[in-house]
Amino acid sequence: MQVLKNKQRENVYETNQLNLWYGNNHALKDINLNIQENNVTAIIGPSGCGKSTYLKTLNRMVELVPGVRTTGEINYRQHNILDKGYSVEELRTKVGMVFQKPNPFPKSIYDNIAYGPRIHGIKNKKVLDQIVEQSLRGAAIWDEVKDRLHDNAYGLSGGQQQRVCIARCLAIEPDVILMDEPTSALDPISTLKVEELVQELKENYSIIIVTHNMQQAARISDKTAFFLNGEVIEFDTTDKIFSNPTDKRTEDYVSGRFG
Amino acid sequence: MQVLKNKQRENVYETNQLNLWYGNNHALKDINLNIQENNVTAIIGPSGCGKSTYLKTLNRMVELVPGVRTTGEINYRQHNILDKGYSVEELRTKVGMVFQKPNPFPKSIYDNIAYGPRIHGIKNKKVLDQIVEQSLRGAAIWDEVKDRLHDNAYGLSGGQQQRVCIARCLAIEPDVILMDEPTSALDPISTLKVEELVQELKENYSIIIVTHNMQQAARISDKTAFFLNGEVIEFDTTDKIFSNPTDKRTEDYVSGRFG
Amino acid sequence: ACGADQKASNSSSETSTSAQSEEQLQGKVAGDGSSTVSPIMEAIVEEYAATQPKVQVSVGVSGTGGGFEKFINGETDFSNASRPVKEEEAAKLKEKGIDYTEFEIAYDGISIVVNKDNDWIEDVTVKELEEIWVDNGKKKKWSDINKDWPDEEIKFYSPGTDSGTYDYFVNDVLEEQQLDKSATLSEDDNVLVTGVESDKNAIGYFGFAYYEANKDKLKVVKIDGVEPTHDTIQSGDYTPLSRPLFVYANNKALEEPAMYNFMEYALENAGAMAESVGYVKSPDNVYEEDKKKLEEFKK
Amino acid sequence: MVSQKREKSLDVQQMIADKKKKGLGRKAEKIVPILLFITAAVSVLTTIGIVFTLIFETVEFFRRVSFWEYITGTEWLPFAGDPSYGVLPLVIGTLKVTGIAIIVAVPLGLAVAIYLSEFASDKVRRLIKPILEVLAGVPTIVYGFFALTFVTPMLQKVFPSLEIFNALSPGIIIGIMILPTIASLSEDALSSVPNAMREGAFGLGSTKFEVALKVVLPAALSGVLASIVLAMSRAIGETMIVSLAGGSTPLFNFDVEGSIQTMTAYIVQVSTGDAGYGTTIYYSIYAVGFTLFIFTLMMNLIAGWISKKFREEY
Amino acid sequence: MAYINHEVVERQMTKRRVKNTVFKNIFLGATLLALLALVILLYRMITQGAGYVSFDFLQNFSSRFPEKAGVFAGLVGSLAMLAVVAPVSLLLGVGAAIYLEEYAKKSKLTTFIQMNISNLAGVPSIVFGLLGLTIFVRMLGMGKSILAAGLTMSLLILPVIIVAAQEAIRSVPGSLREASYGMGATKWQTIRKVVLPAAIPGVLTGSILALSRAIGETAPLVVIGIPVIVQFLPAGVLSEFTALPMLIFDWAKRPQEEFQYVAAAGILVLMVLLIFMNSIAVFIRNKFQNRY
Ligand SMILES: Nc1ncnc2c1ncn2[C@@H]1O[C@H](COP(=O)(O)OP(=O)(O)OP(=O)(O)O)[C@@H](O)[C@H]1O
Ligand SMILES: Nc1ncnc2c1ncn2[C@@H]1O[C@H](COP(=O)(O)OP(=O)(O)OP(=O)(O)O)[C@@H](O)[C@H]1O
Ligand SMILES: [Mg+2]
Ligand SMILES: [Mg+2]
Ligand SMILES: O=P([O-])([O-])[O-]
């Protein structure tokens, strides 16, 4: 049954011959990568190899950097998001993002979660209350914050802040969640919580996670892509990447010989 | 013979019951740690566990942070450096430091290296020339920069800058070199060069290195201390720590179960 | 209830004043001009505000020239002047089609003062005055003017070059010759007072009002035997150092009841107010004439 | 496909899609940048306005007075029977005051900046900086009276030959007025030198003074120089202090004990004075205003050039 | 080979540490000197003016009698002018700052606007007075009104406000913007709901200091020709008025010595107003510092 389900999974993203330049810096080179839904896909690689860049291309956040150019295509649910005409705002309501450092808004916890629904026009107090609770529960932090929803989010610990950010992202019920080293600024216990959360979330969401912690990738992902110098060196099931990689460089990296 | 030599090694640092607070944050707790000369001592541990804090206490750099308090003692070559009367400037001419991010001064390469000798009163051009060359050679970067000694150090790549910083530190001929994640901002090839350099330097200097890369600690250090939450959990030969740690938490950490 | 009471009392006071044929007027009157005239004008406006609180009179102090500039631009209803309107200004007024009436409202006597400890000077002739003040290219000593006077350098204090007082002094006393270049020039007459007060060898001149207010600190010099007093200035005995002060009114503005009323009040009280702030009344016939000129605009 | 997922109590994406259909306007996204651009353009319009204001009367002035006489003449006697319009005495007056102000403010301001950024604790800095900024906020008219009625008499006790109006007293007071500008902006520049740089130097055994002088100050040089130039342009444009305490005697000499007149003080003198409308004197204030404008423009270009030239890369 | 003789280094160390201490004290001395200047200034103003400040002084119009003279019209006039300056300069300044920081592309035009702003910041206030007189008072026919003076002052402090607002906006971490964009917010939504609220304390701090400058400025008012003999309160923005600095300027020139003290009392009122505004700025700065 599990096998059958796997087979049925569709691709959320199909990346074809993606190239990206920051000015003259060729940061992504001929990327081809298909990402399945309801899966955790990990992206690993040494610092500066283009992991974050690729992730930010998936919701076109990379465009915020002046002087960025791309070629190739990224199809999200069969539509090329790199098309000029594609509405980034719509894309980003479907594709949520969690960042390396927790970045709650300097507002109350409630307002943080309600931010997304509100900007999309949902004003009804009752509905918002429901969304807030549901999202905080979804991010496994409801019990910790339910009594202080109207306190500033900066009063929380780093780990709690990060889960509030995840909740904020869940509040618009995205299809995909992008995570850029979501635990690298967290303590071991918070890390564990977030890792468990990711495992739960993949039931309903497609998750793409960048991590510098190879053990983390091994623990929580279904598939892993290894990036090096802007190229995808190897993309396969996580088991394969960590136990029996095809490429020598992948092996060197996962065994800690550099990076 | 090797064994004999090991036995003769003296302690450069003896830390007794060191405690440190940043305001109310108890960052180091009852640290007891003896560090041998002509050795590479690695300090590992998850983010925020106090590695950098401990390192910066060894040359009293931590005092630059307002509101820091310490108790206990750190004996450097039999003198307690935490004594009020101990001259920090003198300590720091004996104990060099290399930082996580390369931090050359915005001056020429030459002036960077000559800075230390100059403030210590060496004005003679010939002597300075010799010191600069010797230090750059010592840091394995002489060949790469000898033709551009008077260019700004910021024109160099990150890896080169880091080696210039190491050279700058060698120029005052310290007894001990402290390194705080010296390769974490560098690419694999530069990392390798710095690692090799550390191996060479230990012939003449005592080196204490903080690293988040466990493989790196395993590769280059003789002894390793594992920090967690401001405490030293385990301190032993590197072999022991990585192959057969005594503490469960050490094992969890070195096997990548958190951090 | 309180508000209603107030209204009632207001209206009752209105009726009582109108009974005295002083109806409550409303309106705005704007003036500008001479700093010399401004103390008189301030006194008038202050008193006037008590009788006609709803007529808002504002007066700037941009100097006679600055005042005329605004008058010519039609920005003001009246302009204070410490000299008669200049030909260029009159021409501009004509060009802009602004008809105006000149009212003389008081006299100012320019007072020559020296330090209290100065015991050699009592009385000077106009000739001597000229000799003292005219620039001769070098540093001047008292003894250069009169052998009996001390062999010490004279310190000069004069109003600023762009003031009516300076203009008048240079024109009428020095006959357009250069005033001694070493003079301390100040736009603020108090500085002159302080300067003369603190230096034994100082001599200075400024408006009569400044002398009056600082009588106890300064010694005034007689000109050809005449000391500046209210009487000698008014009578014209104190020559050539007394000059008339004027208000120029825009004829169109005078047709407005508020402006007319204000000017009427101003001319009525100008003499008294001038005296109260240290200037000198003009002769009564001057005010008579002024009133006649004004009455032509009565509607 | 999406709906096939879990049971949802709320379908937020559906709600969002509904709101979209109702057409929450995209208009703001288009209009707002235009409105904001207009607000940004106001500053440009202001400059155009200033030039426009000054240019016509200035041209009229130069129709009456030769441009050459104006920029090379050493006599400024607009009220004399035979007037002369050489602007140099006014320029000299301005430069005297500015020079004294800079001599006072630069060493003091830099010392304060270094003290606050390198030696003082965070608490002390947070306390002292705003207090010093009060000095920059004191109205210039207040400074003017202070200079005239307090500083000058005090100085006269030290220098008996000092006149009531002089360049020294307003110069010193303007120096005090611009001191916070230099101190505050230089402190910002010094503080923004990355701590890594200081740590590097301390790690080599430097004292604080050595770190400040040899590492931090050179690294912050562009910011420090820019603050000085900015302060200078404030000194050049300062009006009330020099009007009240500097005097109104434009002389072409380098004496600081005697009365002077600056460009700004001249404009005030005429603005409150007796000169008739339409006279050459009237037009001259616009010419002098224009000259001032050119001066500050030049200062600004120099400041820009300095920050570019000395900008340290780190 | 050893070049560094640690014994020599040790010997020199004493000298260097003494030098360090000496210079530290010199720098401290300079700081205290600057503070002393402020103390003397304040002391003198208080001793000169305090005797004349009273409730009546705040409630009276100016008068030819020193004991009756008061700041009422000037105080109300200055505050009324501030009521024009604050919204106008904040709206224009913050708007321009948002445009430059968030919308403007790196182009020649943007560089030009930026250069123009820093240049305007250096233009003497008296030149702004000439601008106000020509454009607002005369061309646009506003007369010597609160509006004309307020707009002139707004333009005068505009560059300061723009720069302060730019800095505040720049210091809002990019991560907050990214978070907002990541939720599908549009640019304007992000600015309005995230960037501006986070930047407001910084904007206010800089702006209040600029506004207090507008209250104390005298030269532009002198050039515009704001009247000083005013026995009424302004009725609207087009009403004529007088301002505190103008009254001070006028009183100080009066012949009677007592007016010197009236002027000093006026200065005291002005300074209290300014210190009050500065304290608000400091309060905001300290309260909202380092929130993220
Ligand atoms: N905003 C930017 N402007 C210019 N170049 C950039 C920018 N961001 C990243 N780069 C460059 O693009 C390349 C890839 O960077 P990226 O941030 O994607 O790496 P990464 O794999 O996420 O590294 P890390 O593990 O350090 O986060 C690097 O060479 C980097 O210098
Ligand atoms: N300047 C500081 N002020 C206050 N607290 C600090 C400061 N620097 C560090 N800390 C706190 O001290 C503790 C130890 O920090 P430290 O930087 O030593 O950790 P670390 O092990 O070096 O972490 P990392 O791997 O992230 O560098 C942390 O809780 C940190 O928040
Ligand atoms: Mg990254
Ligand atoms: Mg660290
Ligand atoms: O203001 P004045 O009287 O000198 O023209």
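Across the interface of chain A and chain E, 4 residue pairs are in polar contact, both residues being at pLDDT 80 or more. A polar contact is a pair of N or O atoms within 3.5 Å; within protein, one must be able to donate a hydrogen and the other to accept it, and residues adjacent in sequence count only if both atoms are side-chain atoms. The model is predicted, so local features need pLDDT of at least 70 and side-chain atom pairs count only at pLDDT 80 or more, while totals for chains, interfaces and linings use all residues. Residues are numbered from 1 along each chain as its sequence is written, chains are lettered from A and ligands numbered from 1 in the order in which they are written, and side-chain values use heavy atoms, with hydrogens and water left out.

Salt bridges between chain A and chain E number 0. The term requires a side-chain nitrogen of Lys or Arg within 4 Å of a carboxyl oxygen of Asp or Glu. On the side of chain A that touches chain E, α3 (88-94), β6 (95-98), α4 (109-119) and α7 (158-170) of chain A each supply at least two residues. Helices (H or I, at least four residues) and strands (E, at least two) are DSSP runs, numbered from the N terminus. In this interface, 24 residues of chain A are in contact (heavy atoms within 4.5 Å) with 18 residues of chain E. About 1800 Å² is buried between chain A and chain E, with 64% of it on carbon and sulfur atoms. Pro106(A), Tyr115(A) and Ile119(A) supply 29% of the area that chain A buries against chain E, more than any other three residues. Buried area is the accessible area (1.4 Å probe) that two parts lose on being put together, summed over both.

Chains D and E share the most contacts of the 8 pairs of chains in contact. Here 75 residues of chain E are in contact with 72 residues of chain D. The two chains bury about 6400 Å² between them, 76% of it on carbon and sulfur atoms. The interface holds 1 salt bridge. Arg16(E) forms a salt bridge with Glu210(D), with the closest N and O atoms 2.7 Å apart. Helix α1 (residues 6-49) of chain E gives the largest share of the side of chain E that touches chain D, 18 residues. Polar contacts join 9 residue pairs across this interface (both at pLDDT 80 or more).

Chain C has no contact with chain A, and their closest C-alpha atoms lie 45 Å apart. Chain B and chain C also lack contact, with closest C-alpha atoms 53 Å apart. Glu69(C), in helix α3 (residues 63-72) of chain C, touches Tyr277(D), Tyr282(D) and Arg138(E), not counting residues up to four places away in sequence. Glu69(C) is buried, at a relative accessible area of 10%. Buried means under 20% relative accessible area, exposed over 50%, and partly exposed in between (1.4 Å probe, protein chains only).

Over all chains, the search finds 0 disulfides (pairs of cysteine sulfur atoms within 2.5 Å). The sulfur of Cys169(A) is 9.3 Å from the closest cysteine sulfur, in Cys165(A), too far for a bond. Cys169(B) is in no disulfide either, and the nearest cysteine sulfur, that of Cys165(B), is 9.3 Å away. Cys169(A) is buried, with a relative accessible area of 2%. Cys169(B) is buried as well, at 1%.
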